[in-house]
Amino acid sequence: MNKKVTQIAGRNLSLSNLEKVLYPSTGFTKAHILEYYRLVSPYILPHLRGRALTLKRYPDGVAEAYFFEKRCPAHRPSWVATAEIARDNGEQMTVCLVNDLDTLMWVENLASLELHVPLARADAPENPDAVVFDLDPGNGAGILDCMRVALILRDLLAGLKLTCFPKTSGMKGLHVLAPLNQKKMTFDDTKKFSKSVAQVLERNYPDLVTSKMAKEQRVKKVFINWSQNDSSKTMVCVYSLRAGERPTVSFPLTWKELEHLESNGNPDKIQVEQSEAVSRLKKSGDLFGEMLVMKQRLPYI
Amino acid sequence: MAMQSIWSGTISFSLVAIPVQLVRAVEPGRVSFRLLHTKDYSPLSRRMFCPREEKMVEPEDIIRGYEIGPDKYITVTDEELESVSPERSRTIEIVEFVDLKDIDSIYYDHPYYLVPSKGGEKAYQLLAEVMRRTNKAGLAKFVMGEREYLVAIKNIEGALSLITLHYSEEILPDDDILPGASPIETLETARMKKIIKEMTADFNPAEYANERRKSILTLLKKKAKKQPPVTPPDIEDDEEGPVDLVAALEASMRKVKKNR
């Protein structure tokens, strides 16, 4: 096994299998993945900080079996920050908090290509910081349809004086999030709100939108998955890699960019891959920065 | 600070006060399962059942009863129980130091680590080192999670650990397990000594693994590879949202449509 001990902030971290190709179609290796996350760490860490990480590990690359790990592995180094989370059955579970670069590197050394986190922080697990609209295209629909729905959604929420921000999922869909950052907000509130929004959109655009989970209801439509607003659910973190064929990233877009792409009917250009993600971040900074600070209230809840 | 602390406060005795945090020292390796309904894999929950009425009983209709005889109970409310709970303590007050070897391992219940808090590092190291040299343990009482514990504080590889101890009344008598005294023959003693000597090794717990846990995890991994996980259906209901919200959304929707 190829092992390398590296020092980050005085801590020893042993990295293994650095030359292993994890994205066979592009030759992207474990070393590339570590380097990607190191470069984006100033931008991704604020979004991971204090949240219970779900690891999605691809030990043999994106084409092979993966597994989810909600518990923080017991073999973790002593300096990895953790939190105790109560599961639905009342049992306690220790989870990892990715609060610093060292932990991020350790997690990536475990080949956790995708980083999934809840909408709430571990110290207030029932209070989401944001409401999310997870736009998921059904069979026969595509990301262009998601873009149309996202733009309607933006205007609909603007009418309620709510600002929201879009990002690609890095796979087939789009995520639109409205920051709340209100202590008293609960998942009951955000779920009720997002479901009402989904139903109103469904009623007004019945050929484009559905609020129903059932597969047969989703054909040629965009499913607004409001049920993601739940303490037990996680979302892929902004700037996380995705384990698709190519190393795409869940990346934020400006509304202008989205309008442009939609009117040009150019859906393929929407995907941002790792190298573009790094250069865009260097140029424009964290487009999702407002998600961490903007305070908004959900009306009529 | 990597580990989540369970409690923080000070160790004190005489004029010494050391700020510390208590963290877990062991994580049981038990693999836990949820129970699911075979029909649609919905997770099941436990509810209380009254066999006499053959129906479920709501939490507000449940009270604790202490059984003093067949069908005879003394009931106790949450408030009554709380009124006799000890106050949460902020200090671990060491009342005496004893020889470590005098505490039989049968008294050991659950181990924790003590981590020095800011400003306490020096005194912490000193206490750990002196305990190591003198082979002493500090005995203390302290309250955590509504229970009062008798604890031993001892050195472990230069750090301090806290072990909750069983109270002596919890230890069952061993009177009946000893066979009647019979003379031990010298030859037999020598033979036994020889066997033990031949089998003597360094204590190396890493050589032993929890085989059952290992095989369950292997099974789970194998199954996860072969078949996708099952998920319960999401509850689909067409219930409308709050009236005012829906009205506001519809109003906004009309404007959006007009401008498009």
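## Strands β5 and β6 of chain A

Strand β5 (residues 54-57) of chain A is joined to β6(A) by three bridges, and the two run antiparallel. Within β6(A), A:Glu69 is the bridge partner of A:Leu55. Strands here are DSSP runs (E, at least two residues), as helices are (H or I, at least four residues), numbered from the N terminus.

These strands belong to an open sheet of four strands in chain A, ordered β6-β5-β9-β15 with antiparallel pairing; pairing requires at least two DSSP bridges between two strands. β6 (67-69) and β15 (235-236) of chain A are the edge strands, each pairing on one side only.

## Basis of the model

This is a predicted model, in which local features need pLDDT of at least 70 and side-chain atom pairs count only at pLDDT 80 or more, while totals for chains, interfaces and linings use all residues. Residues are numbered from 1 along each chain as its sequence is written, chains are lettered from A in the order in which they are written, and side-chain values use heavy atoms, without hydrogens and water.

## Interface of chains A and B

Contact (heavy atoms within 4.5 Å) involves 41 residues of chain A and 30 residues of chain B. The two chains bury about 2900 Å² between them, 53% of it on carbon and sulfur atoms; this is accessible area (1.4 Å probe) lost on putting the two parts together, summed over both.

Two salt bridges are counted between chain A and chain B, each a side-chain nitrogen of Lys or Arg within 4 Å of a carboxyl oxygen of Asp or Glu. A:Glu84 and B:Arg24 meet in a salt bridge through their side chains (3.4 Å, N to O). On the side of chain A that touches chain B, the elements giving two or more residues are β7 (82-86), α3 (143-158) and α4 (187-204) of chain A. α4(A) gives the most, with ten residues.
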